[in-house]
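This report goes through one protein structure, from its overall build to its strand pairing. Please keep the sequence and the coordinates in view while reading.

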Amino acid sequence: MDIDAWVWWLIGAVGLGIPLVLTAMPEFGMFAVGAVAASAVAALGGGIVAQVLVFVLVSVALIAVVRPIAARHRAGQTGQASGIDALKGRQAVVLERVSADSGRIKLAGEVWSARSLDADQVFEPGTQVDVVDIDGATAVVM
């Protein structure tokens, strides 16, 4: 049984697609696309040198172009803050006098116990404050 070269390239592309799925390394996908391009060259009657050259050129071109774009995209993504991290930096309204020891604020629609960041600072009811930290179940404000 004599299998044409283009079929071998397609088998190689599938073989490169398997580690892509298993490891989530996009480089394998780029090599698989290079193998598909080499398969097309083989189907059109190109020699082995042309096939290998197309495989290398397409694979390297994809890696050179796609990887930096993906890296910039990945670096530009900031994680969405959740839980208490999402409350830091938000504004709240003082409900009961806030001092270094105690107080109550309304933060994100909920009533929180609060204390001031600076021991000498006191906030009266109705004052807008900034949440700088969450210490247990107490908001630290300034």
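How many helices and strands does the secondary structure of the protein come to? There are 3 helices and 5 strands. The coordinates are those of a predicted model.

## Order and overall dimensions

Read from the N terminus, the elements follow the order α-α-α-β-β-β-β-β. The protein is more spread out than a compact globule, because its radius of gyration is 30 Å, well over the 14 Å that the globule rule gives for 142 residues. The C-alpha trace spans about 85 × 25 × 20 Å along the principal axes.

## Burial, contacts and surface

Of the 142 residues in the protein, 23% are buried.

Taking contacts between residues at least 6 apart in sequence, 48% join residues at least 24 apart.

## Strand pairing around S5

Strand S5 (residues 138-141) pairs with strand S3 (residues 110-116) in the parallel sense, over 4 bridges. In this part of the model, Ala-114 is opposite Ala-139 in S5.

S5 also pairs with strand S4 (residues 128-135). Here the sense is antiparallel, again over 4 bridges. Asp-135 stands opposite Thr-138 in S5. S4 and S5 form a hairpin with 2 residues between the strands, and Gly-136 in this hairpin takes a positive phi near 70 degrees.

Terms used: Residues are numbered from 1 along each chain as its sequence is written. This is a predicted model: local features need pLDDT of at least 70, side-chain atom pairs count only at pLDDT 80 or more; totals for chains, interfaces and linings use all residues. Side-chain values use heavy atoms; hydrogens and water are left out. The radius of gyration is taken over C-alpha atoms; the globule rule is 2.2 Å times the number of residues to the power 0.38. Buried means under 20% relative accessible area, exposed over 50%, partly exposed in between (1.4 Å probe, protein chains only). Contact means heavy atoms within 4.5 Å. Two strands pair if DSSP finds at least two bridges between them.
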